[in-house]
Amino acid sequence: MNIFIKVLIVALTTWFVYTKVNNQQNLREFTALIQGFDGSSIWWIMAVVCLMMLGNWFLEVVKWRYLSKKIEPLGWWTAIRSVFCGLTWAIFTPNRIGEYGGRVLLLKPDNRASGAVAMGVGLFAQLVLTSVFGAISIAWFVQTFMPTPIFVQMAVWMIAVIYAVAFLVLYFNVHWIDKLVGKLKFLAKVKPFFSILENFSSRELWNVLLISFARFFIFTSQYMVLMLFFLPELPLLSMVLMIFILFFVQAAVPSLDLFDFSVRSFVASNLYAYITTQEIAVMAIVSFVWFVNLILPAIIGTFFVFQVNYVGGNGKS
C-alpha cells in the first residue's frame, strides 16, 4: 500500500505537470521573448530568478522548523523533505489544501493535527502580508486609474486601511481562534489541536511575520527582476504595486496550483494594460515565475515523496 500511494502521487504530479506545461501558451511566449535578447544576459537573469526560488523555499523551511518546534523539533533534512513533499501534494489539490497533508506526514502521528494548525499560522502570516499590501495597492489603483469622485476614493482608502488593520489584529491575537473553536460544540473533538495557538507569544508571531516578509520580498523581486529586464520602460512604483494586487487576487480566488496561471495571466494582462501595451510580455513573465515557483519545486518534491512512509509511523520511510 505504501509503494502504491507513492507511485500514485508521483504519477498524478507527472501527469498534471506535463498536461498543463505542454499546453501553456504563455511559456512558449516567454521562450519567444528571450530570443530577442543577448544570450548570456538572459540566462543570468533566469538563473537569478531560480536562485530566488530556492531562497524563498529555504525561508519556508526555516519558518516551518520555527513553528513546529512547539510540537516536535525537526532536523534540517526532515524539514526540507517535509516542505517539498507538501509542495508536490499541493499541485493537484484545490487551493493547495494537500500541502498540509504532505507536510505533516513527516511528524509523529499524534502531532500531525497540531502540526497542521501550526502550519496554518505560517500560512496566515503570509496571507496577512498579501492582504495588507494588496488592499493598500488596490486603493492606490482606484485613485490613480479610476475616474471616481473624491469621496469614493476616500471611502476606498478607509476600507483598505480597516481591512489591513483587521488582518494584523487577528494575526497577533491568533489565540482567539482557539477560543472560538472551544465555543462551537461540533468542533469539540478538534479543540485540543488548536490549543497550540495559545502558546505563540507576540514576539514569536513577529518572528514568523518577519520570515514571511522576507519570502514576500523575494517573490516580489522575482517579478521585478524580469520586468525591469524585459520592460524597462515600466514606471517602478506602478509595477510594484500592481504585483501586490496580483498577489492579492490570486490569494483570494480558490484554484488548483496548475490552473493558477490562468488567474495570474488574466489579472496581470488587465492590470498592466494601464501602463504598457506589452500585455503578452507581462503574461509570459507571470507564467515563467509561476513555473519556477510552483512547478519546479513540485517536481523536486517528487524525489522526496519516495522517502516518506504513508502508512503509519512518523513519515520516515
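Leu106 lies in the loop that joins helix 5 (98–104) to helix 6 (112–145). Helices (H or I, at least four residues) and strands (E, at least two) are DSSP runs, numbered from the N terminus. The model is predicted: local features need pLDDT of at least 70, side-chain atom pairs count only at pLDDT 80 or more, and totals for chains, interfaces and linings use all residues. Residues are numbered from 1 along each chain as its sequence is written, and side-chain values use heavy atoms, with hydrogens and water left out.

**The chain as a whole**

- The protein chain contains 13 helices and zero strands.
- Read from the N terminus, its elements run α-α-α-α-α-α-α-α-α-α-α-α-α.
- Of the 317 residues in the protein chain, 50% are buried (under 20% relative accessible area; exposed is over 50%, partly exposed in between, with a 1.4 Å probe and protein chains only).
- Among contacts (heavy atoms within 4.5 Å) with a separation of 6 or more, 73% join residues 24 or more positions apart.

**Leu106**

- Leu106 has a relative accessible area of 1%, so Leu106 is buried.
- Leu106 and Gly86 are 20 residues apart in sequence, and their C-alpha atoms are 10.0 Å apart in space.

**The nonpolar core**

- A nonpolar core is a set of buried Ala, Val, Leu, Ile, Met, Phe, Trp, Tyr and Cys residues joined through side-chain atoms within 4.5 Å.
- The largest such core has 80 residues, and Trp64, Tyr171, Tyr223, Leu226, Met227 and Tyr272 touch the most other members.
- Helix 13 (residues 279–305) gives the most to this core, with 13 residues.
- Apart from neighbours within four places in sequence, Tyr171 is in contact with Val121, Phe124, Ala125, Val128, Leu205, Val208 and Leu209.

**Helix 10 with helix 11**

- Helix 10 (residues 202–230) packs against helix 11 (residues 236–252) at an angle of about 130°, and their axes are 10 Å apart (axes are lines fitted to C-alpha atoms, for helices over the stretch in contact, and angles run from 0 to 180 degrees between N-to-C directions).
- That angle makes helix 10 oblique to helix 11 (under 35 degrees is roughly parallel, over 145 roughly antiparallel, 65 to 115 roughly perpendicular and the rest oblique).
- Helix 10 provides Phe216, Phe219, Thr220, Tyr223, Met224, Met227 and Leu228 to the contact, and helix 11 provides Leu236, Met239, Val240, Ile243, Phe244, Leu246 and Phe247.
- By class, these residues are 13 nonpolar, one polar and no charged (Ala, Val, Leu, Ile, Met, Phe, Trp, Tyr, Cys and Pro count as nonpolar, Asp, Glu, Lys and Arg as charged, and the others, Gly among them, as polar).

**Helix 6 with helix 11**

- The axes of helix 6 and helix 11 come within 8 Å and cross at roughly 125°.
- Helix 6 is therefore oblique to helix 11.
- On the helix 6 side the contact includes Leu127, Gly134 and Trp140, and on the helix 11 side it includes Ser238, Ile245 and Ala251.
- This contact of helix 6 with helix 11 has 14 nonpolar, five polar and no charged residues.

**Helix 10 with helix 13**

- Helix 10 and helix 13 pack at about 140°, with their axes 10 Å apart.
- Phe219, Gln222, Tyr223, Leu226, Met227 and Phe230 of helix 10 meet Val282, Ile285, Val286, Phe288, Val289, Val292 and Asn293 of helix 13.
- The contact of helix 10 with helix 13 divides into eleven nonpolar, two polar and no charged residues.
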